[in-house]
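Q: I have a chain open here and want to go through it before setting anything up. Can you take some questions?
A: Go ahead.

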Amino acid sequence: MKPAFALLLLALSALACTPADPMIGHTEITKFQGNKKGAISITYDDGIINQLTIAKPIMDSLGLPGTFYIITGKVEGSCKGKFIGRDPQEIISETAKIKTDSSNFFERASLIAFTGTSEAEDYHARAGSLFEQGKVAEAHALIDEGYAKIRQGTMKDTDEVVFHNNVEDTTTWEQYKAYSAQGHEIASHTVTHPRLAALDEVNLMYELEQSKADLLKFIGPESTFSAEGPYGTENERVMEYAHTVYPALRNRMPEDWLEEINRGSKMTPGQSTKEYVQWQRGPVTRIDIHQMKAWVDTVMTHDNNWLVLVIHGVENLGWEPKTRPELVEYFSYMKAKEADLWVATFRDVTKYLRERKATQVSSKVEKDVINLSLSSTLDPGVYSVPLTLKTYIPADWTSVQLTQTGKSRSLEIQQDELGAFVSYEIKPGSEAVSLNRGS
Ligand SMILES: [Zn+2]
């Protein structure tokens with residue numbers, strides 16, 4: 001064999017055996033929708049009227065959705081808070097003879113909030129707070145003190161406004177339903193805003209289930225996905241019950257791949273090694289706008305952060321209020337960074353993350369076409385937030401058509417260090433997709 005011919009054969013066989021670029025057809029579900037660097041959920045607690053009349057219009061003008069955790073018992077037409085159990089008079093007279101201990105604490109702490117005065121409601125809240133701090137003996141003693149006042153008839157209605165029960169809060173179910181239709185999430189913050197950890201089982205379940213039932217009745221299933229137990233509780237017993245009623249809780253999530261940094265924690269998102277970090281921050285009155293903006297900037301420096309803002313008061317109403325100008329400046333700051341940030345409801349971010357973790361993508365590369373199919377273990381009726389897919393394509397494709405259920409659209413070709421790719425959104429549970437080389 002002549003050397004030149006041998007060389008030619010060698011070159012030909014090398015060409016034939018060159019494996020296709022392994023990246024071609026490689027498809028991943030991006031960490032956040034829209035292939036953004038991070039996510040932000042803006043959440044509000046307690047159904048304070050100014051959240052809806054001041055903060056919400058600012059968000060609407062910028063096209064940002066919010067999550068509003070409302071106290072359903074405050075809304076006209078829904079089931080009110082109540083004590084479920086034995087005859088209250090029987091329980092009250094027992095308190096004269098039997099001291100509060102762990103066998104009767106939950107029942108007494110459940111009842112005291114419904115004995116008719118705001119001072120008694122405050123006893124419930126304070127006893128619950130002590131209990132959650134592990135000051136159990138103090139909690140028992142406070143309940144004894146409260147019932148002594150009830151028996152003596154000295155418990156009063158105080159003038160002090162209880163922040164979660166302002167008479168100004170007059171939002172109707174019709175309004176909430178309209179807000180939900182606009183893309184906001186209206187969700188549960190229980191019926192009466194109790195210290196759930198201090199309630200007995202039947203009253204605890206009523207607060208969770210009745211609130212959910214009213215949200216379902218007056219708005220729809222989209223309002224029954226996520227919830228927030230009052231006072232940011234992370235009490236084990238409460239979490240166990242609450243997770244049987246709601247698929248997601250802002251208090252705490254069940255996922256082991258999600259780091260949760262609560263509002264009081266000094267841990268920074270960069271300190272976590274988990275796949276996702278949910279970073280909760282409370283823009284309370286003393287936190288200035290520079291600090292608030294720095295949280296957004298931090299999200300932009302990572303690729304796995306989900307900043308969850310917890311807002312209470314707005315202007316002159318509610319706990320630790322923020323002013324209108326501060327909110328305008330803050331939300332506008334986020335809007336300006338929207339190319340890199342996905343601002344979405346707590347519900348939708350939760351769904352996206354779970355969908356991404358539960359979905360398998362398979363791709364098959366053929367001549368001029370890449371066929372893709374998705375399979376997931378989640379119910380697509382509930383988990384319906386569109387997933388963003390990123391598929392690498394051959395370098396010589398100059399245009400790409402995406403075809404699904406007979407419909408076609410062209411995709412923009414992008415480039416990163418691994419090659420040419422297209423990105424597109426697919427609804428979970430939808431039919432197979434093909435990417436075709438354009439002509
Ligand atoms: Zn609250």
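Q: What share of the contacts with a separation of 6 or more comes from residues 24 or more positions apart?
A: Such pairs account for 72% of those contacts in the chain. Keep in mind that this is a predicted model.

Q: How many helices and strands, and how much is buried?
A: The chain has 12 helices and 18 strands. Of its 439 residues, 51% are buried. The C-alpha atoms fill a box of roughly 115 × 45 × 40 Å along the principal axes.

Q: Which domains does the assignment give?
A: Domain 1 is 18–30 + 358–437, domain 2 is 33–76 + 162–350, and domain 3 is 88–152. The centres of domain 2 and domain 3, over C-alpha atoms, are separated by 30 Å. Their contact takes 14 residues from domain 2 and 12 residues from domain 3.

Q: Switching to the metal. What coordinates the zinc ion?
A: The donors are D46 through OD, H189 through NE2 and H193 through NE2, at 2.1 to 2.2 Å. Their spacing in sequence is D-x142-H-x3-H. D46 sits in the loop between β2 (38–45) and α2 (49–62), while H189 sits in the loop between β4 (185–188) and α8 (201–218).

Q: Are D46 and H189 buried or exposed?
A: Both D46 and H189 are buried.

Q: What about the largest nonpolar core?
A: It has 41 residues, and those with the most contacts inside it are I40, I42, Y176, L307, Y330 and F331. Beyond four places in sequence, Y176 is in contact with G47, L52, I70, V75, T171, I186 and I219. Another core, of 36 residues, lies apart from the largest one and has A39, W257, I393 and L411 among its members.

Q: Now sheets. What is the strand order in the open sheet of four strands?
A: The order is β1-β13-β17-β16, with antiparallel pairing. β1 (27–29) and β16 (414–416) are at the edges with a single partner strand each, so one side of each has no neighbour in the sheet. On average, neighbouring strands are turned by 35 degrees against each other, direction ignored.

Q: Why is α4 largely enclosed by the rest of the structure?
A: Seven of the eight residues of α4 (residues 105–112) are buried, so the helix is largely enclosed. The buried residues are F105, E107, R108, A109, S110, L111 and I112. What covers them includes α3 (88–97), α5 (118–132), α6 (136–152) and α8.

Q: Last one, V314. Where is V314 found?
A: V314 is in the loop between β9 (305–311) and α11 (324–336). V314 has a relative accessible area of 0%, so it counts as buried. Not counting residues up to four places away in sequence, V314 touches N50, Q51, I54, A55, P321, K322 and L327.

Q: And how far apart are V314 and F346?
A: They are 32 residues apart in sequence and 20 Å apart in space, C-alpha to C-alpha.

How values were computed: Residues are numbered from 1 along each chain as its sequence is written. This is a predicted model: local features need pLDDT of at least 70, side-chain atom pairs count only at pLDDT 80 or more; totals for chains, interfaces and linings use all residues. Side-chain values use heavy atoms; hydrogens and water are left out. Two strands pair if DSSP finds at least two bridges between them. Helices (H or I, at least four residues) and strands (E, at least two) are DSSP runs, numbered from the N terminus. Axes are lines fitted to C-alpha atoms, for helices over the stretch in contact, and angles run from 0 to 180 degrees between N-to-C directions. Donors are N, O and S atoms within 2.8 Å of the metal (3.2 Å for Na, K and Ca); water is not among the atoms, so sites may look incomplete. Buried means under 20% relative accessible area, exposed over 50%, partly exposed in between (1.4 Å probe, protein chains only). A nonpolar core is a set of buried Ala, Val, Leu, Ile, Met, Phe, Trp, Tyr and Cys residues joined through side-chain atoms within 4.5 Å. Contact means heavy atoms within 4.5 Å. Domain bounds come from an automatic or database domain assignment.
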